[in-house]
Amino acid sequence: MADVTTTPGGATTSGSIKVAGVPGEFSQPADARSEALASYDVADFPVPHGREENWRFTPLHRLKGLHDGTAEATSGAIKVDVTAPEGVLVTAVERDDARVGAAGKPVDRVAAQAFSSFGKAGLVSVPKDAQLTEPIRITIHGQGGVAYGHQVIEVGAFAEAVVVIEHTGDAVLAANVEYLIGDGAKLTVVSVQDWEDTAVHAAQHTALVGRDASFKSVIVTLGGDVVRLHPRVIYGGTGGEAELYGLYFADAGQHLEHRLFVDHDTPHCRSNVAYKGALQGQDAHAVWIGDVLIRAEAEGTDTYELNRNLLLTDGARVDSVPNLEIETGEIVGAGHASATGRFDDEQLFYLQSRGIPADEARRLVVRGFFAELVQQIGLPELQERLIEKIDAELEASVG
Amino acid sequence: MATLEIRDLHVSVEAENGPREILKGVDLVVKQGETHAIMGPNGSGKSTLAYSLAGHPKYTITSGTVLLDGEDVLAMSVDERARAGVFLAMQYPVEVPGVSVSNFLRTSATAIRGEAPKLRTWVKEVKEAMADLQMDPAFAERNVNEGFSGGEKKRHEILQMELLKPKIAILDETDSGLDVDALRVVSEGVNRVRETGEVGTLLITHYTRILRYIKPDFVHVFAGGKIVASGGPELADQLEENGYEQYVKGGAAE
Ligand SMILES: Nc1ncnc2c1ncn2[C@@H]1O[C@H](COP(=O)(O)OP(=O)(O)O)[C@@H](O)[C@H]1O
Ligand SMILES: [Mg+2]
């Protein structure tokens with residue numbers, strides 16, 4: 001069921017599967033998370049000091065005060081533009097709107113800070129039965145300064161929508177994003193973090209997946225000094241499906257952290273998680289936490305999570321921690337895999353021995369590493385762009 | 001006419017307790033159109049010779065020269081050697097996940113030929129070469145060497161040899177691990193390239209079996225990191241009879 005590989009030097013890969021009733025050999029299963037505090041109020045969370053389980057990998061001193069209340073929002077820090085096809089409601093709502101916070105509460109101090117500090121929440125609402133032929137595009141451009149945000153994306157029953165969110169520029173941003181996916185609806189969200197090198201971005205993404213609804217999330221994190229994303233999935237009814245894909249590329253000094261939580265609290269739901277990352281340069285750091293909890297009532301659950309990392313140079317570090325906790329035996333399947341490998345010089349030699357120059361050979365290998373994931377994403381327009389972005393990241397290192 | 005000249009080649013690898021010399025003065029001249037069989041016991045340094053010629057970074061050349069038509073091969077990078085016309089069919093071909101055979105073949109043909117082959121003729125060329133080697137067309141969509149059987153890996157190596165048309169082909173134990181049918185198919189592939197008269201072949205093998213299909217012009221016995229005897233095809237028959245014992249015991253081995 002588990003396939004956990006550890007590469008010595010510059011990487012840790014650990015993981016656990018805990019099954020109820022079986023004495024656990026593992027100390028940090030997913031329940032630490034499910035029992036964890038959740039609140040809208042920042043005052044309910046103590047300021048983290050860095051040794052807490054959910055903060056231990058994060059360089060707090062580089063969060064520019066998002067975690068300790070010292071980061072004051074500045075006006076004009078980010079510029080948000082939303083373009084949506086006709087029929088989609090795009091508006092701003094007050095925090096007392098019933099939809100704000102409907103997917104779930106903030107689960108850490110920074111998310112709660114964002115919730116306590118945002119002005120108005122952005123709302124994008126796709127009416128029920130709507131079949132959008134064009135994506136909804138949300139661009140968030142950092143113009144320097146501190147911002148707290150809240151975005152709700154609501155998709156009515158049996159509607160189908162694709163949302164592309166792009167983050168560029170420089171900002172210190174903490175945000176909550178909620179996806180409210182109606183019964184039988186299909187939502188695909190692509191969130192690209194293509195910040196400048198100085199940006200700090202921490203966000204909780206919470207998806208509430210309706211009965212027989214599908215949610216596909218594609219997270220692409222390339223730029224920023226610190227990016228810490230916390231995608232969470234909760235099922236509101238049976239038959240829900242979540243596919244969570246992620247691709248990241250950490251350069252020298254970058255800290256890119258993805259902490260996932262899939263809460264199988266409802267019977268007959270599925271989840272499939274696949275994140276892949278490449279790292280290059282001194283102190284490039286990627287953190288991947290994959291927590292999956294299958295609660296006692298969630299019979300018929302089918303879940304799999306995978307994280308793979310490719311270290312292109314020395315000096316980069318990966319911490320990959322898949323945790324699977326299973327409270328019922330009545331499931332279809334559950335498994336996880338995590339592996340971190342070095343760039344394989346033998347592959348490079350093989351390709352070069354066929355006349356392919358070294359830089360092109362590296363490009364082939366890295367494209368190959370991401371290829372399967374990029375294909376799974378299944379959005380042709382995005383696939384092309386992703387491959388270009390990967391090439392551009394590599395170019396920066398090889399050149 | 002292309003000529004590969006290996007003179008007094010000494011090669012070391014980094015072992016636990018410092019550098020260890022594996023090749024101890026190899027001398028060999030291979031001309032276009034010729035086939036040289038290099039036969040030797042396991043561990044005698046045959047693969048080390050093959051990898052050193054291809055430029056594998058694990059091997060350090062401590063002295064000697066390798067010239068291809070007078071050009072210093074040892075000064076070239078791995079890919080430059082390939083573009084100069086050196087091809088190594090590996091004993092253990094490497095898996096490259098996520099890179100399809102068709103993409104790989106086209107990328108390498110483009111690099112070797114200096115321009116992208118015309119798509120229409122290329123597709124036909126690959127298809128025919130694969131059919132000749134009795135490879136399923138679906139093979140082209142698989143990832144390079146990933147999950148290939150031993151026989152598939154060797155066919156894939158020879159497919160590349162046919163498409164890349166090297167001046168000097170080094171075949172490192174291409175026969176090992178093949179059943180008789182596969183051995184025949186693979187040997188026919190090698191012979192098709194040899195028949196052009198444009199390739200000098202270094203056929204490295206442990207067994208004489210492949211020499212029934214690929215007739216060498218010269219046979220060299222390799223032991224203890226160098227060539228200890230050279231002759232014509234009759235030398236292979238002698239090895240078939242008596243094995244390597246006399247060469248190993250003769251003090252030539254380590
Ligand atoms: N990286 C290495 N470190 C130490 N010894 C090595 C290394 N690579 C090869 N050798 C040794 O070099 C010798 C020759 O190996 P090889 O060239 O593979 O022989 P052959 O192909 O004739 O079987 C063997 O004794 C082998 O153990
Ligand atoms: Mg060998």
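Around the centre of the second largest pocket you will find A:Ile78, A:Val80, A:Tyr148, A:Gly149 and A:His150, the nearest to that point among the 33 residues of the lining. Please keep in mind that this is a predicted model. The predictor gives the complex an ipTM of 0.96 and a pTM of 0.85. For chain B, the mean pLDDT is 95, with 98% of its residues at 70 or more.

**The second largest pocket**

This pocket holds about 510 Å³ of space. Five strands of chain A each supply at least two residues of its lining: S4 (78-83), S6 (121-126), S7 (136-155), S8 (160-181) and S10 (200-209). Which strand gives the most? That is S7(A), with eight residues. By class, the lining divides into 19 nonpolar residues, 13 polar ones and one charged residue.

**The largest pocket**

Now for the largest pocket, whose volume is about 760 Å³. It is lined by 31 residues, and those closest to its centre come from both chains: A:Val365, A:Gly368 and A:Phe369, along with B:Pro97 and B:Gly98. On the side of chain A, strands S17 (302-311) and S19 (333-342) and helices H4 (358-377) and H5 (380-398) each bring at least two residues to the lining, as does strand S7 (96-100) of chain B. The largest share, nine residues, comes from H4(A).

How is chain A divided here? Domain 1 (2-345) and domain 2 (346-399) of chain A each give at least three residues to the lining of the largest pocket. As for residue classes, this lining has 11 nonpolar, 11 polar and nine charged residues.

**The magnesium ion**

Let us turn to the metal. Which residues coordinate the magnesium ion (ligand 2)? They are B:Ser47, through OG, and B:Gln91, through OE1, at 2.1 to 2.4 Å. The two residues are 44 residues apart and link distant parts of the chain: B:Ser47 sits in helix H1 (residues 46-54) of chain B, while B:Gln91 belongs to the loop between strands S6 (86-89) and S7 of that chain. Are these two residues buried or exposed? Both B:Ser47 and B:Gln91 are buried, a term that stands for under 20% relative accessible area.

Definitions and conventions. Residues are numbered from 1 along each chain as its sequence is written. Chains are lettered from A and ligands numbered from 1 in the order in which they are written. This is a predicted model: local features need pLDDT of at least 70, side-chain atom pairs count only at pLDDT 80 or more; totals for chains, interfaces and linings use all residues. Side-chain values use heavy atoms; hydrogens and water are left out. On a 1 Å grid over the protein atoms alone, a cavity is a set of points where a 1.4 Å probe fits but cannot get out, and a pocket is an open set with protein on both sides within 12 Å along at least five of seven lines; lining residues have an atom within 4 Å of a point. Grid points are joined across faces, edges and corners, and a volume is the space filled by probe spheres set on the points. Helices (H or I, at least four residues) and strands (E, at least two) are DSSP runs, numbered from the N terminus. Ala, Val, Leu, Ile, Met, Phe, Trp, Tyr, Cys and Pro count as nonpolar, Asp, Glu, Lys and Arg as charged, and the others, Gly among them, as polar. Domain bounds come from an automatic or database domain assignment. pLDDT is the predictor's confidence in each residue, from 0 to 100. Donors are N, O and S atoms within 2.8 Å of the metal (3.2 Å for Na, K and Ca); water is not among the atoms, so sites may look incomplete. Buried means under 20% relative accessible area, exposed over 50%, partly exposed in between (1.4 Å probe, protein chains only).
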